[in-house]
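Please have a look at it first.

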Amino acid sequence: MGARKSGWMPIDLGRLKMSSLKDRQSKVSMADFARPVQVRPTFRQFLDSLPSMHAADELRKAAGAISKAVGNEKTVLLGMGAHPIKVGLNPVIINAIERGILSGIAMNGAGIIHDVEIALAGKTSEDVAAHLGSGEFGMARETSEFIHRVVSKAYHERGEGLGKAVGEALLMESAPYADSSLLATAARCDLPVTVHVAIGTDIIHMHPEMDGAAMGALSHLDFRIFCSMVTTLQHGVFINLGSAVVIPEVFLKAVSVARNLGFPLDGLTAINMDFIRHYRPMTNVVQRPVMDGGTGINLTGHHEIMFPLLIAAVLDEIALDLAR
């Protein structure tokens with residue numbers, strides 16, 4: 001028979017055993033609270049004013065891991081989609097390259113498109129909605145001609161990866177805004193940049209100059225170079241900035257290659273940064289690669305705010321270490 005639906009007597013709450021708030025364990029105390037910053041604070045004062053919990057602590061942890069890796073001359077790799085370029089982060093990333101924070105960069109195919117457009121014209125990111133109906137979307141001639149010419153030459157003559165080939169071409173041809181290009185800066189600083197292309201995802205794949213064999217060969221060479229970089233991530237740091245699918249998938253395969261070949265990756269700190277939580281970055285960056293020993297960190301927020309904040313925190317940590 002089921003429970004009675006009527007006739008229940010209200011329970012006597014006066015019989016409850018009470019405890020003291022003072023003795024109870026609590027997750028939050030005033031010591032963890034944020035503190036109002038003073039007028040015109042230093043960055044360290046601002047950072048110290050943040051609450052000692054959740055994302056603020058994760059930010060400090062991420063900055064500490066990166067600064068420690070840099071101080072110990074361990075590898076720090078930045079994996080990224082194209083969105084960080086489109087929201088104006090090239091100067092921040094270039095500064096991180098020039099200061100020796102980054103050991104290498106991996107980007108998706110759209111990354112070279114937006115970076116090349118910045119280098120050639122000082123602008124990028126067309127209005128897709130305005131051009132799609134007329135069939136003009138993705139038809140910018142200069143972008144495609146430059147990249148495909150570089151790809152063809154590298155494939156047939158030079159035998160180098162896609163990221164290096166494009167970066168060196170921007171320098172050799174004195175692109176007007178090369179100083180604002182990630183690829184050109186990396187080539188100038190001899191920093192490896194690998195590009196991981198998914199055929200059909202980028203506007204240049206629609207153009208008649210597209211050579212799938214050449215593009216695939218250069219991108220596959222870059223994958224192998226990226227795998228080599230990942231083998232050095234023991235006690236290092238990998239950052240996924242704004243790639244929801246391609247870079248997390250590529251990173252996971254590179255981790256498998258490294259471990260298959262006997263390279264230890266213990267002590268790895270894997271950081272994911274995006275403005276929403278995606279399945280693959282959380283699984284393939286934050287969780288799976290560090291299951292056998294390491295730390296996964298997820299920082300959710302707009303790239304144009306969170307990444308400059310992280311790099312500023314790293315530079316502050318490095319300065320503090322040097323001052324000690």
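Contact, as I use the word, means heavy atoms within 4.5 Å. Helices are DSSP runs (H or I, at least four residues) and are numbered from the N terminus, as are strands (E, at least two). This is a predicted model, in which local features need pLDDT of at least 70 and side-chain atom pairs count only at pLDDT 80 or more, while totals for chains, interfaces and linings use all residues. Residues are numbered from 1 along each chain as its sequence is written, and side-chain values use heavy atoms, with hydrogens and water left out.

Let me begin with α7 and helix α10, which covers residues 212-230. From α7, the residues H148, V151, A154 and Y155 meet A213, A214, M215, A217 and L218 of α10. By class, that contact has eight nonpolar residues, one polar and no charged; here Ala, Val, Leu, Ile, Met, Phe, Trp, Tyr, Cys and Pro count as nonpolar, Asp, Glu, Lys and Arg as charged, and the others, Gly among them, as polar. The two axes come within 9 Å and cross at roughly 70°, where axes are lines fitted to C-alpha atoms, for helices over the stretch in contact, and angles run from 0 to 180 degrees between N-to-C directions. That makes α7 roughly perpendicular to α10, since angles of 65 to 115 degrees count as such, those under 35 as roughly parallel, those over 145 as roughly antiparallel and the rest as oblique.

Next, α7 also packs against helix α8, residues 162-172, where the axes come within 9 Å and cross at roughly 115°. That makes α7 roughly perpendicular to α8. The contact is made by F146, V150, V151, A154 and R158 on the α7 side, and by L162, A165, V166, E168, A169, L170 and M172 on the α8 side. Its residues divide into ten nonpolar, no polar and two charged.

Now to the pockets. On a 1 Å grid over the protein atoms alone, a cavity is a set of points where a 1.4 Å probe fits but cannot get out, whereas a pocket is an open set with protein on both sides within 12 Å along at least five of seven lines, and lining residues have an atom within 4 Å of a point. The largest pocket has a volume of about 490 Å³, a volume being the space filled by probe spheres set on the points, with grid points joined across faces, edges and corners. Of its 22 lining residues, E117, T124, S125, E126 and I203 are the closest to the centre. α5 gives the most to this lining, with six residues.

The second largest pocket holds about 260 Å³ of space. Its lining has 16 residues, with A82, H83, N108, A110 and G242 nearest the centre, and here too α5 gives the most, with three residues.
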